[in-house]
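Thanks for coming. I have one structure for today, so let me put it on the screen and then go through how its chains meet.

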Amino acid sequence: MSVIASASAPPRRSLWRRTQNTRTAYLFLLPALLVMLVITFYPLVFQVWMSFTDYSLKNLRVTAPAPNYVGIDNYLRILQNNIVIPNFDFMRVLVFNLWWALSNVVIHVILGVLIALILNTPGLWLKRFYRAIYIVPVVIPPIIVATVWRNMFDPTNGAINFLIDIIFRLPPGGFTLDWLNEPNPIISAGPFVLPLAYFALLAANVWLGWPLNSVVATGALQSIPGELYEAAEMDGAGAWAKFRAVTLPYLRPAMLPYAIYGFVITFNLFYLSYFMSGGGPFGQTELLVTTAYRLVNEQQLYGVAAAFAVFQFFILLAITLVTNRVAKATAQFDA
Amino acid sequence: MTTGFAAVPRTATRPVAVAATGGHRKLPLRRQLLLQLVCLFIALTVLFPIMWIVSMAIDPRNIARPDGLDLIPPGASLAAFAQVIKQPTENPVSFPQLAANSLFIAVIIAVASVGLGVLAAYAFSRMAFRGREALMIAVLAVLMLPAVATLAPLYVMLSKVQIGTFNLRDSLFGVALAVTSGQLPFAIWNMKGYIDTIPRDLEEAAAVDGASKFQAFWHVILPLSTPVLAVTAFFGFIAGWTEFYFSWQFLDHPENFTLAMALNGMVGQYGTTPWSQFAAFSILVALPVSVVYLFLQRYIVSGLAIGGVKG
């Protein structure tokens with residue numbers, strides 16, 4: 001009946017009808033949009049305004065005066081490393097943060113695929129037993145992982161140094177390397193500084209990160225039809241040739257989006273840096289997220305923190321655009 | 001009444017070609033043993049931190065600081081657990097009080113992100129409407145940001161909400177709001193990805209039978225989405241249960257403190273907390289969510305695989 005009505009309906013009615021889908025959609029969207037408008041989008045816009053002010057503790061109370069407009073002062077202070085946090089160096093933090101995410105993801109993916117391949121070997125005993133154990137790091141909350149690994153890297157009572165004692169037949173407490181606070185960096189080239197603490201963080205995050213990659217790789221491996229391998233064998237392909245011609249084309253489309261996701265997650269990984277090394281030594285394992293947190297939590301420079309968050313937004317936007325491009329380029333390579 | 005869980009087996013059991021890598025031959029014994037050694041070594045590295053923590057927690061000597069690597073303690077005692085349940089830190093707060101606070105935050109986040117998110121996810125997945133592209137980009141842009149990104153503005157904004165002696169910022173509800181701010185976009189995206197994979201035939205059949213959009217959503221999509229609802233609610237729950245940065249920044253009163261805040265108090269470098277108690281506390285925080293995670297794991301993994309294939 002409504003079909004007939006619309007055919008002869010006046011123009012206003014037809015606009016009402018034409019927008020019916022949009023109106024229904026917005027009815028579904030309304031609750032989430034309203035909430036996000038108030039607690040997500042408005043704060044983000046408010047933050048941009050804050051970044052041009054000297055918002056600080058004195059402006060916090062309900063009756064407090066409004067902060068002063070300071071122009072792009074906060075942005076300049078960040079770029080000139082003038083934000084009270086000791087040893088802060090914007091370039092060094094950014095370079096470290098990028099390297100941190102990249103090195104982790106590369107190791108996670110390689111280990112994840114290798115271990116998935118091992119567990120996918122036909123005829124291997126105890127597969128289900130190993131799979132059940134290997135999933136354990138995935139299910140433990142990251143904050144617990146971070147605090148436990150901090151404890152394990154303790155110089156005098158930590159599990160890592162005790163283990164080294166046993167391996168090298170030293171008396172218990174013989175090896176007392178302070179992994180998380182060793183002041184002399186292993187690598188130091190301009191803004192690229194890697195202290196020993198980085199390697200301790202890396203060890204913890206590799207423990208945390210490879211299992212999920214392995215799960216994703218296993219899913220991809222199990223979707224490969226067995227006939228493809230048989231066909232390759234008939235063509236006389238060796239193990240490496242089979243891996244390149246059959247396994248890799250199936251792995252890539254599953255692993256690449258996950259690697260990109262892992263890159264962003266690791267780039268923003270707060271817990272390990274904050275709880276294990278506390279950003280030390282000398283701020284060398286500080287990330288953008290932990291720096292942003294310290295600006296609010298320790299320095300109470302809300303205006304500077306807002307400007308820092310705006311920088312973070314553009315850095316993440318750039319990362320997203322670059323990784324999307326990489327993903328597209330590789331997809332074309334596949335086709 | 002409806003078709004129920006039809007989608008669950010479809011996504012949970014993905015195509016599995018068991019004999020994937022190569023066939024029918026048996027693995028030669030030497031290679032078998034070599035691979036067993038490798039697998040065993042990996043298993044040990046995975047279990048090492050867990051054995052270290054569990055052995056410290058149940059060690060009957062209630063060690064302040066261990067003086068050697070005793071992965072198997074000389075006996076077992078729950079004394080450390082009893083102590084942290086009574087009072088884990090110097091603050092006069094018990095474990096049940098901390099857990100209740102974290103639970104409060106966790107439940108709000110889980111319910112809000114799924115309840116609000118699933119409606120939006122359905123609209124994004126199934127409807128063509130003006131502004132769809134722009135809104136999806138807005139949601140994705142927030143998704144890319146770390147939770148800390150809204151710390152400064154939410155801190156100052158919620159501080160201004162004062163009703164009598166109640167300050168929204170200095171409350172568990174304020175913390176829950178702040179976490180939901182970052183969790184809701186994730187929930188929408190996660191559930192949209194799943195709803196995208198549900199075939200449209202069932203809704204179309206329902207529409208032919210005269211069902212409205214909302215009826216189709218309620219009677220067809222919602223029951224079929226049970227796994228992703230559970231997983232999304234669970235992720236929201238974990239975000240609240242282990243929440244640290246907002247509660248550490250927002251909360252002033254010890255009676256509001258959360259589990260993660262207590263944990264932070266226990267691990268300071270000059271902290272006086274015996275390690276046996278730190279270990280027991282870690283286990284008490286991790287165990288409930290870890291066990292649930294293990295049960296939900298196959299749904300989470302199949303969700304990941306879907307996202308992976310979709311690119």
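Contact here means heavy atoms within 4.5 Å. Keep in mind that this is a predicted model. By that criterion, 102 residues of chain A and 100 residues of chain B take part in the contact.

Now the area. The two chains, A and B, bury about 8700 Å² between them, and 74% of that is on carbon and sulfur atoms. On the chain A side, the residues that lose the most area to chain B are Phe28(A), Ile39(A) and Tyr293(A). Together they make up 8% of what that side buries.

What about polar links? The rule finds 20 residue pairs in polar contact across the interface of chain A and chain B, and one salt bridge. In a salt bridge, the side chain of Arg65(B) meets that of Asp154(A), at 3.8 Å from N to O. As for which element of chain A gives the most to the side touching chain B, that is helix H3, residues 20–50, with 22 residues. By class, that side of chain A has 76 nonpolar, 22 polar and four charged residues.

Next, the cores. The largest nonpolar core has 172 residues, and Tyr134(A), Phe244(B), Phe250(B) and Phe281(B) touch the most other members. Helix H10 of chain A, residues 196–222, gives the most to this core, with 17 residues. Leaving out residues up to four places away in sequence, Phe250(B) touches several residues of chain B, including Leu151(B), Tyr155(B), Arg169(B), Asp170(B) and Ala178(B). Another core, of 35 residues, lies apart from the largest one, and its members include Val114(B), Val118(B), Ala216(B) and Val220(B).

Conventions: Residues numbered from 1 in each chain as written. Chains lettered and ligands numbered in written order. Predicted model: local features only at pLDDT ≥ 70, side-chain atom pairs only at ≥ 80, totals over all residues. Heavy atoms only, no water. Buried area = accessible area lost by both parts, 1.4 Å probe. Salt bridge = Lys/Arg side-chain N within 4 Å of Asp/Glu carboxyl O. Polar contact = N/O pair within 3.5 Å; in protein donor to acceptor, adjacent residues only side chain to side chain. Helix = DSSP H or I, 4+ residues; strand = E, 2+ residues; numbered from the N terminus. Nonpolar A, V, L, I, M, F, W, Y, C, P; charged D, E, K, R; others polar. Core = buried A, V, L, I, M, F, W, Y, C linked by side-chain atoms within 4.5 Å. Buried < 20%, exposed > 50% of the residue type's maximum accessible area, 1.4 Å probe, protein only.
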